[in-house]
Amino acid sequence: MSLRLRCADAARTARVGEYLAQVRPGDAALRVLYLRGDLGAGKTTFAAGFLRGLGVTGPVRSPSYALMEIHPAGDLTALHIDLYRLHSPEETETLGLRDWARPGCIWLIEWPERGAGHLPPPDLLLDFKAGEAAHEIALQAGTQAPYVSASHTERAAQEWLDRLADLPP
Ligand SMILES: Nc1ncnc2c1ncn2[C@@H]1O[C@H](COP(=O)(O)OP(=O)(O)OP(=O)(O)O)[C@@H](O)[C@H]1O
Ligand SMILES: [Mg+2]
């Protein structure tokens with residue numbers, strides 16, 4: 001089941017990110033968010049809000065050139081990854097991401113399709129779209145394969161998403 005949120009301005013997109021971070025699951029399991037959508041759709045805006053919600057202070061640079069920025073956030077480590085400039089999915093392996101595929105880490109991945117086959121599956125899949133009047137975010141939990149019984153982490157992801165219903169307008 002996917003959830004659609006209309007974001008009238010960039011501050012709202014950041015607020016959705018901030019809130020989602022604040023209501024994250026309490027366990028320390030690795031969490032992976034795919035942020036999809038066209039150039040300028042709001043992925044980095046969301047990521048900056050999310051990082052702020054984790055308690056990251058200081059500037060959030062777009063990782064377009066470095067491809068990856070690492071942000072310590074208390075007990076957690078947040079990775080902000082942007083694969084737009086990847087030349088091939090295999091190049092993902094050169095980023096050393098495997099070192100960060102462990103509990104206590106949260107990954108935000110812009111342009112995940114460019115690393116297809118070399119990334120962990122998403123807990124949350126977000127699709128960003130810039131419309132005429134507003135931007136929109138469609139969110140869904142996990143990969144939602146209907147033939148697989150929901151794993152523990154997929155249930156946690158759905159519950160995480162369900163908490164967005166309480167986001168104040
Ligand atoms: N409702 C909105 N949500 C997000 N961004 C908005 C909104 N309205 C206007 N904007 C503007 O749109 C731009 C979104 O840029 P952002 O860097 O977040 O996009 P992106 O999806 O990360 O793009 P890229 O693929 O180039 O990394 C910003 O300039 C932002 O101020
Ligand atoms: Mg971006």
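Two strands count as paired here if DSSP finds at least two bridges between them. By that rule β2 and β5 are partners, running parallel over 5 bridges. Keep in mind that this is a predicted model. Its average pLDDT is 91, and 93% of the residues score at least 70.

Let's start with the strands. Seven of them form an open sheet in the order β1-β7-β6-β2-β5-β4-β3, and the pairing is mixed. β1 (3-7) and β3 (68-73) sit at the edges with a single partner strand each, so one side of each has no neighbour in the sheet. From one strand to the next, the twist averages 20°.

As background, strands of a sheet pair through backbone hydrogen bonds, either parallel or antiparallel. Both kinds turn up in these pairs:

| Strand pair | Sense | Bridges | Residues standing opposite |
|---|---|---|---|
| β2 and β5 | parallel | 5 bridges | Y34 and I109 |
| β2 and β6 | parallel | 5 bridges | Y34 and L125 |
| β6 and β7 | antiparallel | 7 bridges | D127 and A138 |

Look at Y34 in the viewer: it stands opposite I109 in β5 and opposite L125 in β6. Its strand, β2, has 6 of its 7 residues buried, so the rest of the structure largely encloses it.

**Helix α1**

Helix α1 covers residues 10-22 and packs on the sheet, where it touches β1 and β7. Its direction makes about 140° with that of β1.

Which residues of α1 are buried? They are R12, T13, A14, V16, G17, L20 and A21. These buried residues pack against β1, α2 and β7. A handy rule when you look at the helix: an α-helix has 3.6 residues a turn, so residues three or four places apart point the same way.

In soluble globular proteins, nonpolar side chains tend to be buried together. Here the largest nonpolar core has 37 residues, and L33, L35, L108 and I109 touch the most other members. The elements that give two or more residues to this core are α1, β2 (31-37), α2 (43-53), β4 (76-82), β5 (105-110), β6, β7 and α3 (152-162). The largest share comes from α2, with 5 residues.

Leaving out residues up to four places away in sequence, L108 touches L33, L35, A47, F50, A78, L79, H80 and I81.

**A buried loop residue**

Now for V56, which lies in the loop between α2 and β3. Is V56 buried or exposed? A residue is called buried when 20 or more other C-beta atoms lie within 10 Å of its own. V56 has 20 C-beta neighbours inside 10 Å, so it counts as buried.

What is V56 in contact with, apart from neighbours within four places in sequence? The contacts are L51, H71, A73 and A78. The C-alpha atoms of V56 and G74 are separated by 8.3 Å, although these residues are 18 residues apart along the chain.

Conventions:
Residues numbered from 1 in each chain as written. Chains lettered and ligands numbered in written order. Predicted model: local features only at pLDDT ≥ 70, side-chain atom pairs only at ≥ 80, totals over all residues. Helix = DSSP H or I, 4+ residues; strand = E, 2+ residues; numbered from the N terminus. Axes fitted to C-alpha atoms, helices over the stretch in contact; angles between N-to-C directions. Contact = placed C-beta atoms within 7 Å. Core = buried A, V, L, I, M, F, W, Y, C linked by C-beta atoms within 7 Å. Buried ≥ 20, exposed ≤ 12 C-beta atoms within 10 Å, placed from the backbone. pLDDT = per-residue confidence, 0-100.
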